[in-house]
Amino acid sequence: MSSGYKPDILWSPHHADRYVICDTELSLYRIGPAGSSETKAGALPLSEETAATLLAINSDTPYMKCVAWYPKHEPECLLAVGQANGRVVLTSLGQSHNSKCKELVGKEFVPKHARQCNTLAWNPVDSNWLAAGLDKHRADFSVLIWDISSKFSPEAVPAEKVRLSGDVDSGLVVTKPLYELGQNDACLSLCWLPRDHQKLLLAGMHRNLAIFDLRNTSQKTFVNTKAIQGVTVDPHFQDRVASFFEGQVAIWDLRKFEKPVFTLTEQPKPLTKVAWCPTRMGLLATLTRDSNIIRLYDMQHTPMPFGDEVEPTIIERSVQPCSESIISSFAWHPSAQNRMVVVSPNRVMNDFTVFERISLAWSSTTALMWACGRHLYECAEDAGQGVAATEKDIATKMRERAQSHYGHDTVQVWRNHVLAGGDDPQLRSLWYTLHYILHCSQYTENVEQKQQSNKQSLIYSGIKNIVKSSSGTTETRRCWSGSDRQTDVPRYHSEERSLALQLCGWIGRGPDIDVEPFLKSLEQEGEWERAAAVALFNLDIRRAIQILNKGASAEKGDLNLNVVAMALSGYTDEKNSLWREMCSSLRLQLKKPYLCIMFAFLTSEPGAYDAVLYESRVAVRDRVAFACMFLNDAQLPRYIDKLTNEMKEAGNLEGILLTGLTKDGVDLMESYVDRTGDVQTASFCMLKGSPGEVLKDPRVQCWIENYRNLLDAWRFWHKRAEFDIHRSKLDPSSKPLPQVFVSCNFCGKSISYSCSAMPHQGRGFSQYGVSGSPTKSKVTSCPGCRKPLPRCALCLMNMGTPVSSCPGTGKANEKADLTRDKKLAQFNNWFTWCHNCRHGGHAGHMLSWFRDHSECPVSACTCKCMQLDTTGNLVPSDSV
Amino acid sequence: MFVARSIAADHKDLIHDVSYDFHGRRMATCSSDQSMKVWDKGGNAEWNCTASWKTHSGSVWRVTWAHPEFGQVLASCSFDRTAIVWEEIVGESNDKQRGQSHWIKRTTLVDSRTSVTDVKFAPKHMGLMLTTCSADGVVRIYEAPDVMNLSQWSLQHEISSKLSCSCISWNPSSSRAHAPMIAVGSDDSNVTYGGKVQIYEYNEVTRKYAKAETLMTVTDAVHDIAFAPNLGRSFHVLAIATKDVRIFKLVPLRKDSSSSAPTKFEVQVLAQFDSHNSQVWRVSWNITSTLLASSGDDGCVRLWKANYMDNWKCTGILKGDGSPVSGQPGALSGILGSATAQIIAQKH
């Protein structure tokens, strides 16, 4: 056998778990779940879940050209093998004790002239009939239909028989076929027509497809075509046939056999196998030579019969069942949906299922729905705890933050970062910045009145602008506290610089420039290194050492801090001292950034503090405060500008300290939103801007609109309403006008008291019965003409009459929540009506009526008031 | 932590599309069995089918919801060359008590000569507008001038893309800085026809849609396309399902507003993944456009997420039947934690 012979694969027609691989021999495999006790250790893995076990090998029939599995249940493992010399041999796999099988196995059907057998097909109904298609031999017939039950003919000529295989009993040789067809031609492929088992479709060498009827073999319908290398009938549409030639597949309708209905796009390489999927309508799989791809053509949407005017829609797909390796052959599983086994030239097998196209959609609440075949799956986000916050999606974070009232703490503004989860350093920095800004501005408002409105707006414009406006800087050389040695470190002061320090949070508001409260708060939070660094920058080594000692002795303290304190205590300003030399080299090994910058500061030349200023692990606010103290008027704006641009580029919220709530700040926030999509933080941050100028920026408006839209989509309507209230405090233009007026039937004027008094400031609802000002006329009448208001359809009182709190259904005792009940009682007085039938009454009465009814309470009105609105049935998801 | 569960869909043939409404409380499915179903989420988070009806005389390809401010409105498109607008009507019968709702056909759009392959409503701020695209390469934009009367739709624009269209996506940005924009994908598999994704932009001056961009690097058949929710970002992100998952970033270059030329874009490829092996069928963004889901020929649903550096990577894989992919680091649960995904069959 030539090594180039490629294995083919064949499923058992009756055992869904068995198939045969045929190349030089026949090997029967059973497929089973991988790793189960059933499959032995020697099982070949076919996929992640399945493995195949070799059951039997049959190498009795060499020179195999084609194989066909006997279609009947019994005998089960009978196969017909067509050989290179044209003989057809019956053989079996595995031990079958069936007597009928024994009788048949080994039977040979020999043509008159030896030539290659190309194809075999069992008749689907009369299973004794086996059709064999042979190569051409002069004027001989190329299609022989054998009856396997026929007695072997004694007149068989043994001399003519070329003995190719071992010891075939010559007594089992049959030489007389039942029918002979296709004279003077070759047969490349054939199949029985399932619609009529007497009919046979042949693909012949003479470029034609022909249908023979065995009842009258002289008659045939045929059509000329090149596509004759293989024919196969669609098991789902028995009139649909696919045939192929080289790289082209033609689809035929047997009822309109004149020309192909359509041809599929041509493949560059010749096709080797074309097969209809037995489990799925209109799915054709094709394989080309030396390819690792199986191409699938989905003709589901091609109507049969094909209308002339309708173009067929064929969805082409390609699958790669075993990644890069070449496929020799494949076979559809007879019953499992869209499943096939593929085999490679070196007999590596693969179990593979062709998936239907999956369509999918995300819901607004981060649930994923997908449809696979006829099934739906939903993958909902589980509000599980213990999930690392950094891995959460921003949509989830925003939902959680909205629920914890993030952004709404207007008194202790910094606390908003805690509401946001307290684990994001950027948000923390942002909210502290906003806190200090609001703090300072309130202070200047109170203390200095309006004289310095200039300063007021300066606070909002960020340190970048504050520093630029700086004038009258003074330079001091202070002593290290606790020592009388003069330092050569110049420190700069100006009003603007102290304002900047206030915004950084280092010093409190007002004239007081003591850094001690800040150190205390840092100590409280356990930020020892940071506190020590701040103390040191304020030239208080003693305090710094004290802080470090405290940190070392604190609970869970780092004992290394004592060592650092020790190193610190040895500080000398001697230029060439060993201390200096060691510190400047060893500080680079310090893991903690604040410790690192402490020594960087001590070992730097005055004015050359790059090691401190560009240590990116140190909070921006500390670096800026440091710069405001130690950089001169020339250096400072340059540094701040550089840092600002860096922050803007990165969308780092720490930079809001520098930009303030200005256009620069909006630019920075824009790159933050671009990066994260966190419109929530962007909206709340910009709403803190006092002059409200930034609110006019279209980008800010866009973030606010997007955030409101998100809240709406999540049905966080209460949160959205709260947000709107919050927003309208800063941006009165966002307040909506009154939405609904009710006019009196008699005078046509609005019947709302509040509306008539203040036409444009009502809350949009007409509320009755509770606006009990004694000077006004009776609440049950129109304020314009004093005519009584309509009556409630249920209690028949005029509207405006306070309704009794008992809803009348006797369910009052069930209600446990009294405060909530009271709140609702006020609402009970409201006048409601159906917009369709325009009947109505007190809200409480209507509600209790519609709890048990669907029709309007007014007699003879059949309006189904309660079912008219779908949106109204949706409940907000943020109500308790 | 994601948990997958199956829902008894009870469609008689392949389901081609699923679509959530604005609030995620309702869902619509459509199928080759020519029918559509509407599902409502019950109090116990279970989906109940509240309507199921035969819609078209061919496979129904896509279904989509209008924004709820226009009412409960669905649109579907089909192989039968039509698109249909449906509206839920209430109060006419006692259906509601039986948990059933009633959908009626408001209009049938019959302008296409071929299969209508996609249907999408325009973003809400543009009013009630509906877009269809069809296999003959025409994109049609309809408008309901009176949102109270959904039986009247006028064909406002016809854009000929010259290539068989398979999918459309509106840019959802409501920013005034961004003109209305629609991306059209073609499933024509002939790579020599050039770019398979075209982007059209509305021009205020000419009052027409004009081609603003063709993504020339996408030459293979495109099966789905999705603009990411903009959420106030200064650029647009477009996901494309072709032979791989591709994510494009379109940065509008500043232009003077008076010019009538279409916006120019700086086009960047943010990501390109071929882990679906061959064809990618669908892509879908979550509400903040921080998660992308895709499905492909490997029979898996994959989730993609970007880190802060805009590096996209796969954060989850789930097989089409909901089972976890064994041996995969960070299966679907990987997005949010370490729990394994599991299947809970929902019995009805």
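The model is predicted: local features need pLDDT of at least 70, side-chain atom pairs count only at pLDDT 80 or more, and totals for chains, interfaces and linings use all residues. Residues are numbered from 1 along each chain as its sequence is written, chains are lettered from A in the order in which they are written, and side-chain values use heavy atoms, with hydrogens and water left out.

**Extent of the interface**
- Contact (heavy atoms within 4.5 Å) links 84 residues of chain B with 77 residues of chain A.
- The buried area is about 7,000 Å², and carbon and sulfur atoms give 58% of that area; buried area is the accessible area (1.4 Å probe) that two parts lose on being put together, summed over both.

**Polar and charged pairs**
- One salt bridge is counted between the chains, a salt bridge being a side-chain nitrogen of Lys or Arg within 4 Å of a carboxyl oxygen of Asp or Glu.
- Glu378(A) and Lys41(B) form a salt bridge through their side chains, at 4.0 Å from N to O.

**Chain B side**
- Strands (DSSP E runs of at least two residues) that each supply at least two residues to the side touching chain A include β1 (2-7), β4 (35-41) and β25 (312-319) of chain B.
- That side of chain B has 35 nonpolar, 31 polar and 18 charged residues; Gly counts as polar, and Asp, Glu, Lys and Arg count as charged.

**Annotated segments**
- Residues 8-40 of chain B are 55% strand and 0% helix (DSSP H or I runs of at least four residues), with end C-alpha atoms 14 Å apart.
- Residues 273-305 of chain B are 58% strand and 0% helix, with end C-alpha atoms 12 Å apart.
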